[in-house]
Amino acid sequence: MSGKAWGGRFQKSAEAWVDEFGASIGFDQQLVTEDIEGSIAHVTMLGECGILKADEVEAIKGGLEQLKIKADHNELKFKVENEDIHLNLEKMLTDLIGPVGGKLHTGRSRNDQVATDMHLFLKKRVVEVIALIESLQDAIIAQAEDNVETLAPGYTHLQRAQPISFAHHLMTYFWMLERDKQRFTESVKRIDISPLGAGALAGTTFPIDRELSAKLLGFSTVYQNSIDAVSDRDFIVEFLSNGALMMAHLSRFAEEIILWSTDEFKFIDLDDSFSTGSSIMPQKKNPDMAELIRGKAGRTYGNLMGLLTVLKGIPLAYNKDMQEDKEGMFDTLHTIVGALKIFEGMVRTMTVNKNVLHTAVHNDFSNATELADYLAAKGMPFREAHEVTGKLVFTCIKRGIYLLDLTLADMKEGSNLIEEDVYEVLAPEAAVKRRHSLGGTGFDQVKIQLDKAKALRK
Ligand code: ARG
C-alpha cells in the first residue's frame, strides 16, 4: 500500500524526503510536450493494431490533447509524489478521463518512454542550435567583409608574428563553427531513432507496430535491439560533447574579445549593450558577457564528464543512474543557446578600431619574415637570411626603432644583397598582399575565402 502507480507489492510508503531524492519532476517537466506526443503516437498505434478499442483510444487521445493545451499554457501542476513527468501525466490523465487512462501504458514501460522523450526533445533542439550557429556565422561574415583590408598583427605565443588581414583572423571562427555545425548535423542521424516499443528491456507480448509509432513521431528508423533502445545514451553524450567543443571555440573567441577591448590592445570596442559597468569605478566598461561565455565553457565540460562517468559502470539495461542524463543535458542546451545568442549580438555590434590596428602593425617587427624571405629570394640560404634579419632586428631594438626606420646603409651592414626595393617589401600592406597561397591572408585569398563561406550560408 503506497499509493504509487507501482505500489502493489509495497507494504509501506517511503517518507516524503526519500521520494524527493528519487523524483525527477523538478527537471524532467521540460519534456512535457514530448512525453504527450510520444503517448499520442503510442495509443494511436495501439488502436491501429487492435490492442485497444477505438473508443478507448479516442478517450485517451482526447485526454492527452487536453493536457497538451494545459501544458502549452503552463497550467499543469506537477507533484513530487508522482515522481517524474511520465507518472505525473498518467495520473492527470486518469483523473481527467477515468480508469481507461490506465490502458495507455499497455505494451510500454517508462524505460522506452523516457528514451523516446529524450530523442524527440534533442532532435528538435539540435535544429534550433544549428540555426543559432548560422546566425553567429553570418555576424562574423559581416564583420569580416568590413575588414578585409584592415591590417592587424597576427600572433603566435601572443607575440606579434606576421601581419594579417583582420578579416582572416575573424573568419577562423567561422570555420570552427562550421565544423561544430557539421558535428551537430551529423549527430541527428543517431538521435533520429525510435526506442518506443522496447518496453522495459525485452520488447512486449502485445502485437505492437514499432515502425508505425516511429513514423507517427517522425523518426526515420527504430532501434533493432530492445535492450540497446532503453540503454543507449550515446546520443546525449554526443550532444554534450558537441556542445562542449563548441563552447571551447566560443571561449577562445571570448578571450580574444576580452583582450582586444583592453586599453592595452584597444583593437575593438564592445557595444554598451553588451558590456557592464563597475559599482565603484566610474570609468569601467567590462566585457562581462564574453567573460561569462569563457566561464560557462567549464560547466559544459562538467556535464560531458558527468554523463560519461554515470554511464561507464552501469550494467544493462535501464538503471536509475540514467535519470542523471537530464540535468546536464538541459544545462548544456541552455548554456549554448544563451552563449550563441549573446555572441551573435556582441560580434555584430562591436566596433573594430581600424586605425589602432593599422598603427599597431606599423610599429612592430612582424615584417621581419619579409626581410628574411627577401634575402632568401635573392639566393641567400634561408637559415643565413634568418640570422642576418635577426641581427638587424637586434640593432633596431638597441636603437628603439623598427626595420623600416633603418637606412639602406644600415641594412647593407646586414647584407649587401639588400637594395632600395626592400622598403616596398617591408611595408605591412605588401606583406599581407603577397600571401597568395591558398587559404593565406592575402586580400585576394581572403575574398575567395569569404565567397566560399557565403556560398555555404546560401
Ligand atoms: N524518471 C526516470 C528517468 O528519468 C524515468 C524512467 C524510470 N524507469 C524506471 N524503471 N524507474 O530515468
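These legends go with a set of close-up views of one predicted model. Residue numbers start at 1 along each chain, in the order the sequence is written. Since the model is predicted, local features need pLDDT of at least 70 and side-chain atom pairs count only at pLDDT 80 or more, while totals for chains, interfaces and linings use all residues.

View 1

**View 2. Where domain 1 touches domain 2.** On each side of this interface sit 11 residues, 11 from domain 1 in contact with 11 from domain 2 (contact: C-beta atoms, placed from the backbone, within 7 Å). On the domain 1 side, α2 (25–28) and α3 (32–48) are the elements giving two or more residues, and α3 has the largest share, with 5. Helices and strands here are DSSP runs numbered from the N terminus (helices H or I, at least four residues; strands E, at least two). By class, that side of domain 1 has 2 nonpolar, 5 polar and 4 charged residues; Ala, Val, Leu, Ile, Met, Phe, Trp, Tyr, Cys and Pro count as nonpolar, Asp, Glu, Lys and Arg as charged, and the others, Gly among them, as polar.

**View 3. The shell around the ligand.** Around the ligand are Ser24, Asp28, Asp84, Arg110, Asn111, Val114, Tyr318, Lys320, Met322 and Gln323, each picked by having its C-beta atom, placed from the backbone, within 6 Å of the molecule. The class count is 3 nonpolar, 3 polar and 4 charged.

**View 4. Helix α4 against helix α5.** Zoom in on α4 (residues 54–72) and α5 (residues 85–97), which pack at about 115° with axes 10 Å apart. Those axes are lines fitted to C-alpha atoms over the stretch in contact, and angles run from 0 to 180 degrees between N-to-C directions. From α4, the contact uses Ala59, Ile60, Gly63, Leu64, Gln66 and Leu67; from α5, Leu89, Met92, Leu93, Leu96 and Ile97. That makes 9 nonpolar, 2 polar and no charged residues.

**View 5. An annotated stretch, residues 8–302.** An unreviewed UniProt entry labels this span "domain: Fumarate lyase N-terminal"; such annotations may be inferred rather than shown by experiment. The span is 60% helix and 6% strand, with its end C-alpha atoms 39 Å apart.

Terms used: Contact = placed C-beta atoms within 7 Å.
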